[in-house]
Amino acid sequence: MNRSYLMFDIRRTLRNKRVMIFAILMPLVLFAVFGLNIPKDATEGGISAIAYVMVSMAMFGSMSAAMSSGGVIAAERDGGWNRTLRLTPLKPQAYVISKVILSLLVAVPPLIVVFLFGMTVGDVHLSAGHWITVALVSWLGALPFAAIGLVIGYVAKPDSVQPITGLATMLIAAFGGLWFPVEQMPSAMRHIAQLTPAYWTGLTSRSALTAGGVDTQALLVVLGWTVVLGFIALRRFRADTARA
């Protein structure tokens, strides 16, 4: 992986404040609307209901930020960046890995802000070990969405990538159970939810709140989604550079 290229990508992404503002403010507003009105002693699935909502909204923010890489990739394709890459020693795998790392980095601020809001305003009480585990698992849960952002960036045109990414984010979050519990969905929607990566990332993150610890099966499904989508993104990158 080319470190100079990664640092260039990080600086360029941080200059796009609209993406980060949306990824941070949207989950905060949703948490304030849906979470702060929940009674302190309410539970959902055996865990604190407000902690349940906090983790779901944090995951929504991190997935939104992670998927935003698609806009950068589409712009690079439109500007002929792929033709330039063919003249450099940067390998396709290194390019894709750098984009995934970038997506994971921009997924951090929404998690931190929502968790701090939940701790201070939402009065969410967790042990230090639970906070660390939830934060780490939620951060890793952004991996499949980073891969989705790559795929969108390689199949969408620059003028359509933002609407597609926004719509995909909303649909995945809604049908994946990040906005309201899957258990409260109709039977057909519950089956649809299990076909989305958001369902499994949410399940993994929320399981870290329980005494039983992280759901390893859900974590493996998340990693499986990441591998499959990452493979698709790599194939699309190679096909795109071959045409450039």
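## Ground rules

Helices here are DSSP runs of H or I with at least four residues, strands are runs of E with at least two, and both are numbered from the N terminus. By that count, the protein has 13 helices and 2 strands.

What you're looking at is a predicted model, where local features need pLDDT of at least 70, side-chain atom pairs count only at pLDDT 80 or more, and totals for chains, interfaces and linings use all residues. Numbering starts from 1 along each chain as its sequence is written, and side-chain values use heavy atoms, with hydrogens and water left out.

## The whole chain

Of the 244 residues in the protein, 49% are buried. Buried means under 20% relative accessible area, exposed means over 50%, and partly exposed is in between, using a 1.4 Å probe and protein chains only.

## Helix α2 against helix α7

Two packed helices are described by the angle between their axes and the distance between the axes. For α2 (residues 17–35) and α7 (residues 108–120), the axes come within 9 Å and cross at roughly 25°. The axes are lines fitted to C-alpha atoms, for helices over the stretch in contact, and the angles run from 0 to 180 degrees between N-to-C directions. That makes α2 and α7 roughly parallel to each other; the cut-offs are under 35 degrees for roughly parallel, over 145 for roughly antiparallel, 65 to 115 for roughly perpendicular, and oblique for the rest.

The crossing of α2 past α7 is right-handed, i.e. the near helix is turned clockwise from the far one by less than a right angle, with anticlockwise being left-handed. On the α2 side you'll find Met-20, Ala-23, Ile-24, Pro-27, Leu-28, Phe-31 and Ala-32, which meet Pro-109, Pro-110, Val-113, Val-114, Phe-117 and Gly-118 of α7. Sorted by class, that contact has 12 nonpolar, 1 polar and no charged residues. Nonpolar covers Ala, Val, Leu, Ile, Met, Phe, Trp, Tyr, Cys and Pro; charged covers Asp, Glu, Lys and Arg; the others, Gly among them, are polar.

Asp-123 sits in the loop between α7 and α8 (128–140). Its phi is near 60°, a positive value in a residue other than glycine. Asp-123 is partly exposed, with a relative accessible area of 38%.

Helix α8 packs with α3 (residues 49–67) at an angle of about 35°, their axes 10 Å apart. This is a right-handed crossing too. Met-54, Val-55, Met-59 and Ser-62 of α3 meet Trp-131, Val-134 and Ser-138 of α8, a set made up of 5 nonpolar, 2 polar and no charged residues.

## Helix α10 and its end

Helix α10 (residues 158–175) has 18 residues, which at 1.5 Å a residue should span 26 Å, and its end C-alpha atoms agree at 26 Å apart. The expected span is 1.5 Å times one less than the number of residues. Its buried residues are Val-161, Thr-165, Ala-168, Thr-169, Ile-172, Ala-173 and Ala-174.

Phe-175 also belongs to α10 and is partly exposed, with a relative accessible area of 30%. Beyond its neighbours within four places in sequence, Phe-175 touches Met-185, Met-189, Ile-192, Ala-193 and Thr-196. After α10 comes Gly-177, with a positive phi near 85°.

Methods:
Contact = heavy atoms within 4.5 Å.
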